[in-house]
Number of protein chains: 4
Amino acid sequence: MSKPANRLRLGMIGGGEGAFIGAVHRAAANLDGRIQLVCGSFSREPGNNLRSGRALGLADNRIYPDWQSLLRGEAALPPAERLQALTIATPNQLHVPIAEAAARAGIHVFSEKPAGINFREVADLARTLADNGCHYGLAHTYLGYPLVHQARDMVAAGTLGRIRKIYVDYRQGWLADGLEYSGNKQAGWRTDPAQAGASGCMADIGTHAFGLAEFVAGQKIVRLCAELRSHIDGRQLDDDGAALFRTDGDASGVLTASQVCAGEENNLTLRIYGEHGGLEWQQMQPDVLIHRAANGDTRLLRAGTDRDYLLPGTRRGLRLPAGHPEGYLEAMANLYRDFADAILTGSENSVPGIDHGLRGMAFIEAMLASHGNWISL
Amino acid sequence: MSKPANRLRLGMIGGGEGAFIGAVHRAAANLDGRIQLVCGSFSREPGNNLRSGRALGLADNRIYPDWQSLLRGEAALPPAERLQALTIATPNQLHVPIAEAAARAGIHVFSEKPAGINFREVADLARTLADNGCHYGLAHTYLGYPLVHQARDMVAAGTLGRIRKIYVDYRQGWLADGLEYSGNKQAGWRTDPAQAGASGCMADIGTHAFGLAEFVAGQKIVRLCAELRSHIDGRQLDDDGAALFRTDGDASGVLTASQVCAGEENNLTLRIYGEHGGLEWQQMQPDVLIHRAANGDTRLLRAGTDRDYLLPGTRRGLRLPAGHPEGYLEAMANLYRDFADAILTGSENSVPGIDHGLRGMAFIEAMLASHGNWISL
Amino acid sequence: MSKPANRLRLGMIGGGEGAFIGAVHRAAANLDGRIQLVCGSFSREPGNNLRSGRALGLADNRIYPDWQSLLRGEAALPPAERLQALTIATPNQLHVPIAEAAARAGIHVFSEKPAGINFREVADLARTLADNGCHYGLAHTYLGYPLVHQARDMVAAGTLGRIRKIYVDYRQGWLADGLEYSGNKQAGWRTDPAQAGASGCMADIGTHAFGLAEFVAGQKIVRLCAELRSHIDGRQLDDDGAALFRTDGDASGVLTASQVCAGEENNLTLRIYGEHGGLEWQQMQPDVLIHRAANGDTRLLRAGTDRDYLLPGTRRGLRLPAGHPEGYLEAMANLYRDFADAILTGSENSVPGIDHGLRGMAFIEAMLASHGNWISL
Amino acid sequence: MSKPANRLRLGMIGGGEGAFIGAVHRAAANLDGRIQLVCGSFSREPGNNLRSGRALGLADNRIYPDWQSLLRGEAALPPAERLQALTIATPNQLHVPIAEAAARAGIHVFSEKPAGINFREVADLARTLADNGCHYGLAHTYLGYPLVHQARDMVAAGTLGRIRKIYVDYRQGWLADGLEYSGNKQAGWRTDPAQAGASGCMADIGTHAFGLAEFVAGQKIVRLCAELRSHIDGRQLDDDGAALFRTDGDASGVLTASQVCAGEENNLTLRIYGEHGGLEWQQMQPDVLIHRAANGDTRLLRAGTDRDYLLPGTRRGLRLPAGHPEGYLEAMANLYRDFADAILTGSENSVPGIDHGLRGMAFIEAMLASHGNWISL
């Protein structure tokens, strides 16, 4: 019998044919061989749902028409067979309802971000999770990159001295046209308030930029002054914005996030400066962290299991020696691996959790409320 | 029942604790969820073997003490359970013996490179594979990178015109010291003629450079003039070398491969020039292909499923939209995916096969025989 | 007789031993052989002044103790000998007084930026210059870079469509410490309100960022919301700041300028996006302009007299074929060449002039006045 | 009197309208204000010659119809007026005849490379120079780059340990077409044996690559095995080639030089590795020297007068603080400055001299004689 006794049994909501992020979650969950997909409800469209599930090797009885029937159906299975954790890869407005129901059923949750569509519902979810002893992982994929941990740990160790400046920029161009009017599914729901919530760009990518800045700085952004815009006629949600901000450590900074920077791909960049130097990390070249010391000494900290100059927390997230590029899937795989380990072995859950989710919601709400004025969060 | 009916059942020889490439094969095989590891013999050391297999979720009866018992044991299982394909991740001298035995048992083979330790044994293996109708995949990982296919297809389409120059360089630094004298396992067998065969650096990485050049150029290297060296006292195999060469298309070029370029990681670079322009690809930044036209127009062809300017063969190998880096594991996963597809669905096997293996052996033997003189291969 | 009849006779105030920018002006003025330094007052310290002038090959009678005596002394010379233009490379508070006096004497002015220490005095200077028919060149060196002109002309030609976003960042690190307390001359006057005026960082480098953004966009920044800071105890002037802004073309953007980004050298970067694509230019790699089209097509526009894809206005500023790097001195030399041409030949003066100076003053005053509120300029 | 008493009086042969390198020499000579052009013979075509000279501000009597009349005419002038040094910027076959005549007249020589068209005539020139006490500067422009000196000095200081590998590549694309058949002047003489000598590409750029390798390594190349080619029908001289080589320090390496790498600009790159690490320098990004230590530590050594980590010999060649790019003209200006200093002040002449010229000739002759065999030089 080759039954893998030590794999986490995972279910998935969303991510059928035509979706982007569902396949990413599955590849990431597969990578380290610690997780097995056992059930799912991949699409509200029955044909798509069935085809998707079968293509993933699921038996028909584990392919459910909707998330409610999945939770019911799995509850009826013997404990050793039923899912242990559920990935939520749906439009935003369903994140909390599904997570709430899963947690009440004692199922751990791995959710796409943002955690929900407003702060209040996420705060409620936080309580439900706690009450039910459920782990929660938020797909802040970029926090799975090893050199992001290197940056965080260097800042925490005081390598840069007191932090003064934080610049974080997230530029995409894919919404530079009115893509939602030409039938693009991704663009469709992300620009629809009924599915995405009150924010478009800030919810989708602004939260990544915000989360990255707070994570690496080890500080909280406490005040900001933001301007959001929508550049396409008829688009109801923000597709672009920027904010000046201050942290609780008295650092100041700028956050920009835009999906109308035509020609840009997925350009997330963090630059952070303290008294003694600065760090720069670019997601599109994720295996390099640039460290500039105050005297101009410039070092490239390069990813690799064999790089002794990397900190232990960095090397934990690496699989390959230097010069063998790891990327986005490996970053998300790190989140899944830690999530699975926490559930299977009781190890500390270092995955961005519901607290990150709450911070993200606070960020979105502050960005929406600022209208060019300074506001606290 | 969630039994994945459509997964390839894979076994593995080698790749226990402390090995490098075995874990890489497993992650790559896992990534797309098309392959399931069902058995293995991971180490000659029983404790290592058992721990490795169990950590991978294998039942004890599918963890075999050696490759011979694996083949025997699996043959005794019902056809629907036994392995369909075998990954060989051992030192070089075992590649052919294991592949021969597997092929005779009707098992498809996915082998680390070089295919063997001399041309003759690989030629024999080619016949055995053909006689038994077995697929063979060679772990020319770099040929799994999508932009390498873009380069090949652009050359084939005549974008560069007639090819004149090919420069391929593979630089590593990890053998700059006498690492084999300090107990490093990798360095140990790779510098030992009994395990690695007659060549060190050329077998290990020269074959990659050679295979990449021939693949992209669509030409065969027919003559070369090489000098090999060993830079460490007592090291018996080459750790460094270079060759001038000519192709059957009358292009000329230079190939360098070295493992004593201290400080270099895994720097494989191809530059190819024709009448109308040139292409440059660097493995350490694999998501960019630089295309310089003769008039100086410089375009960056960047990886991404959403990049319309990429050719179909390129996009097939991509999983993510532009700006989401894919790397080395994804490249090898492409080989495994095509290999599994060929076996499971009968699709064309586009994985580098035994013919690549034979070319590699011819290359190694020519490099060893040249001693600074021009020689045909 | 080898007397160069067709060279502009230039004088200089400031730029003695220990100064930075004076030598830069001289090298830039020398480069094309169109300008001859004929007199100067390089330092208030007599020894420094004399040594500096002699080292530059000046006769003692053309080395003056101060700018007033220079203007007097030169007025007494025959017209064919006396200076035609004067470079002002002093601390800011002297820019306008010297320029006013020179203009009244009919001498053309090439001034360091900012043009003065407040908008009003620069507006007065503008009138004086007009009344006396004097040319005025402002050392907006970065506007001398050929690829900045390429960017401007591409924007003007509509290559990007309507402009939506402008991001301009200028990061330096040299004032991350309290350098002014350790006797550094540059740091001394630049942080002293009596010499630098009411602003430090915004006057010194913010004006460059602002001028670059307006120049390339071909739009005026009409509103901004800024926060300035001073990060060193006791430092009286801003050393850091950022602003959200809007243009008269309804583009929005962000400007950051900081001299406390420890480890940064002279990192001025412009990114500008329109409906159809974006451009990126980095001063520290000035021979590349990145053009990303909306469909992801990425081209590197590289400097070179032989690059047919560059616009005429770009190639005018280049001296060398592609692959022969030109830099900062060549950029300033372009300003000097155009300035000299305008005076000597009556050609159109394309050098940034007093209008740029006025815009810069308006920018500084708005930045100082904003205090985190939106303000018009 | 503003007569610059301390400037070197320079004459020039060649470099009229339509030439490339003449204007480069003049800009480089101008840059530091230490040199004054006093006479010249810029073209054999009288109109071109006169226009060129006048545009440079020369009086008609210092514009000579040919180099012979220049030497005669200048000899007739008072010593304080006549040229002290002569720049030779003609096709190769005239380098030695003019240099010989100049040296016999006691005039210092600054010559384009290669020094001549064969080893013997350059050896004779070396004696003439010595006999007449004349300085000789060879326009090995790339040896004027400050970070090339940094590399050389780091190697000499043992930072890399014993040198093992040297890779030097010089790739251009401008001769990828038969440009000489379309009236291009540069291409015309450089591919004409009567004007260029026996070698095209090796004489033109191979010598640069060779000189750079020897300079930085501090070793002599003693054996090589080369293949030269000509890729255009009817082209009589090599336009492409490569060589394996060994040095007197037992390092091995590869040199490539090609002018048919379509799309390449002026891509000269040096990589050198020793026991403890490696250095990489690329002419097209000349302000960065990459230092990789054996343990993978990667530092970017960046140009700047304010970079304390640069060695004194590096900083001597810099004019600007870090982040203000200096380029090709500044590199050549460094050669002119040192050359002028040696003549005017008797300081040590650190400019590449006749010995470099001789090495270059030995290199060319070996490359031509090798025909794919190992040969000593």
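1. The contact takes 42 residues from chain D and 42 from chain B, where contact means heavy atoms within 4.5 Å. The model is predicted: local features need pLDDT of at least 70, side-chain atom pairs count only at pLDDT 80 or more, and totals for chains, interfaces and linings use all residues. Residues are numbered from 1 along each chain as its sequence is written, chains are lettered from A and ligands numbered from 1 in the order in which they are written, and side-chain values use heavy atoms, with hydrogens and water left out.

2. Between them, chain D and chain B bury about 3,300 Å², 46% of it on carbon and sulfur atoms. Buried area is the accessible area (1.4 Å probe) that two parts lose on being put together, summed over both.

3. Eight salt bridges are counted between chain D and chain B, a salt bridge being a side-chain nitrogen of Lys or Arg within 4 Å of a carboxyl oxygen of Asp or Glu. One salt bridge joins the side chains of D:Asp250 and B:Arg229, at 3.0 Å from N to O. On the side of chain D that touches chain B, the residues divide into 17 nonpolar, 10 polar and 15 charged. Here Ala, Val, Leu, Ile, Met, Phe, Trp, Tyr, Cys and Pro count as nonpolar, Asp, Glu, Lys and Arg as charged, and the others, Gly among them, as polar.

4. Chain A can be laid on chain C with an RMSD of 0.0 Å by a turn of 180° and a shift of 0.0 Å along the axis, with superposition by least squares on the C-alpha atoms of residues with pLDDT of at least 70 in both. That is the relation of a two-fold axis. Of the interface residues of chain A, 100% are also interface residues in chain C, so the copies meet through the same surface.

5. B:Val109 lies in strand E4 (residues 108-111) of chain B; helices (H or I, at least four residues) and strands (E, at least two) are DSSP runs, numbered from the N terminus. B:Val109 is buried, with a relative accessible area of 0% (buried means under 20%, exposed over 50%, partly exposed in between; 1.4 Å probe, protein chains only). Beyond four places in sequence, the contacts of B:Val109 include B:Leu86, B:Ile88, B:His135 and B:Phe339.

6. In chain A, helix H1 (residues 21-31) is mostly covered, with 10 of its 11 residues buried. Among the buried residues are A:Ile21, A:Arg26 and A:Leu31. A:Gly33, whose phi is positive, near 70°, follows H1(A).
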